[in-house]
Amino acid sequence: MILCRVTGTHVAPAKHPLLVGHKYLIVEPIRLPGGDLSGGVDFLAIDTVDAGVGDTVLVVQEGSVVADLFGRPDIPAHTVILAVVDGYHLE
């Protein structure tokens with residue numbers, strides 16, 4: 001899982017039929033101190049938790065997790081938002 005911040009929304013005028021009705025959000029990985037994340041490159045994720053711009057979220061990039069979540073092994077998606085994070089603490 002990747003801790004990210006929602007930076008924007010994405011409007012897709014045409015979607016695969018299995019993705020119609022789902023919102024796409026633009027997310028940016030959060031760099032944690034001591035982490036090995038080399039860049040804060042934004043990417044798209046399907047929103048399953050009604051997140052919004054500015055929210056901190058947990059994102060998974062694993063096709064089998066997305067297939068299990070949607071109950072469809074043939075869903076053409078790889079990245080999904082699983083949770084909104086209320087807060088986190090680093091020591």
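## The K23 salt bridges

K23 forms a salt bridge with D50 (a side-chain nitrogen of Lys or Arg within 4 Å of a carboxyl oxygen of Asp or Glu), and the closest N and O atoms are 3.7 Å apart. This pair links distant parts of the chain: K23 lies in strand 2, D50 in the loop between strand 3 and strand 4, 27 residues apart. Strands here are DSSP runs of E, at least two residues, numbered from the N terminus.

K23 also forms a salt bridge with D47, with the closest N and O atoms 3.3 Å apart. That pair too joins distant parts of the chain, K23 in strand 2 and D47 in strand 3 (residues 43–47), 24 residues apart.

Buried means under 20%, exposed over 50%, partly exposed in between (1.4 Å probe, protein chains only).

## The R72 pair

The count is three salt bridges. One of them joins the side chains of R72 and D74, at 2.9 Å from N to O. R72 is partly exposed at 35%, as is D74 at 46%.

## Strand 1 and its partners

Strand 1 (residues 2–10) pairs antiparallel with strand 4 (residues 56–61) over four bridges. Pairing requires at least two DSSP bridges between the strands. Strand 1 also pairs antiparallel with strand 2 (residues 23–29), over six bridges. R5 has T56 as its bridge partner in strand 4 and stands opposite E28 in strand 2.

## Basis

This is a predicted model: local features need pLDDT of at least 70, side-chain atom pairs count only at pLDDT 80 or more, and totals for chains, interfaces and linings use all residues. Residues are numbered from 1 along each chain as its sequence is written, and side-chain values use heavy atoms, with hydrogens and water left out.
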